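Here are some friendly notes to read alongside the model. Keep the structure open as you go, and take the points one at a time.

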Amino acid sequence: MYRKALFIFVIVMQLCSCQPEHYQRNPFLQEAKFSITLKLNLPKYNKLRIGGVVQLDNVGLRGIVVANIGNNYMAWDRACPSQALSDCSQMTLESDHRFMLCPCTGVKYDLANGLPLSGTSSYPMLNYQVVVQGNALVI
């Protein structure tokens with residue numbers, strides 16, 4: 001009985017600890033060290049209060065995009081996750097403000113989860129932690 005329980009425990013732990021190898025972090029994109037506070041009561045961040053997206057330059061590797069998706073704030077680096085940094089590796093926001101496009105590879109990424117939707121990529125978008133502090137976001 002003890003061996004069977006131990007065997008089941010080991011199998012469950014292995015299954016729970018596995019991440020799909022298909023979506024590992026890009027070894028060429030190291031997380032940038034920065035801290036920025038966005039005060040949501042400022043007019044330039046109005047879009048974030050109503051479920052929109054804001055792009056910020058001069059932070060992260062290639063700038064960041066902050067999105068309010070169902071009252072869940074996400075911050076993504078604009079560096080293309082499917083390659084090393086290069087001249088064309090700054091992603092652009094699609095017109096619907098739900099997706100990012102890497103101009104180098106043509107891969108489209110979902111702002112809701114950072115995963116590629118089209119094209120070939122083994123890496124998700126690089127994300128940063130967002131902490132809500134009252135009427136501000138700290139990234």
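1. Let us begin with Asn 71, which is exposed because its relative accessible area is 66%; buried means under 20%, exposed over 50%, and partly exposed in between, using a 1.4 Å probe and protein chains only. Asn 71 sits in the loop between β3 (64–69) and β4. Its phi is near 60°, a positive value in a residue other than glycine.

2. Before going further, please note that this is a predicted model, in which local features need pLDDT of at least 70 and side-chain atom pairs count only at pLDDT 80 or more, while totals for chains, interfaces and linings use all residues. Residues are numbered from 1 along each chain as its sequence is written, and side-chain values use heavy atoms, with hydrogens and water left out.

3. How confident is the predictor? The mean pLDDT of the chain is 84, and 82% of its residues reach 70 or more; pLDDT is the predictor's confidence in each residue, from 0 to 100. Take care with residues 5–21, where pLDDT stays under 50. For that stretch the model has one contact beyond four places in sequence, a contact being heavy atoms within 4.5 Å.

4. Now the overall layout. The chain has two helices and eleven strands, and from the N terminus on its elements run α-β-α-β-β-β-β-β-β-β-β-β-β. Helices (H or I, at least four residues) and strands (E, at least two) are DSSP runs, numbered from the N terminus. Of the 139 residues, 36% count as buried. Among contacts with a separation of 6 or more, 43% come from residues 24 or more positions apart.

5. His 97 also deserves a look: it has a positive phi of about 60° although it is not a glycine. You will find His 97 in the loop between β5 and β6 (99–101), and its relative accessibility of 36% makes it partly exposed.

6. Asp 110 belongs to strand β7 (residues 108–110). A polar atom of its side chain lies 2.8 Å from the backbone nitrogen of Ala 112. Leaving aside neighbours within four places in sequence, the contacts of Asp 110 include Phe 99, Leu 115 and Met 125.

7. A search of the whole structure finds one aromatic pair. The rings of Phe 34 and Tyr 128 have centres 4.9 Å apart and planes at 70°, so the pair is edge-to-face. Rings of Phe, Tyr and Trp (its six-membered ring) pair if their centres lie within 6.5 Å; planes under 30 degrees apart count as stacked, over 60 as edge-to-face and the rest as tilted. Phe 34 lies in the loop between α1 (2–17) and β1 (37–39) and Tyr 128 in strand β9 (residues 127–128), so the pair ties together parts 94 residues apart in sequence. Phe 34 is partly exposed at 24% relative accessible area, whereas Tyr 128 is buried at 6%.

8. Finally, find Leu 85 in the loop between β4 (72–77) and β5 (92–93). Its C-alpha atom is 7.4 Å from that of Leu 29, 56 residues apart along the chain.

Definitions and conventions
Polar contact = N/O pair within 3.5 Å; in protein donor to acceptor, adjacent residues only side chain to side chain.
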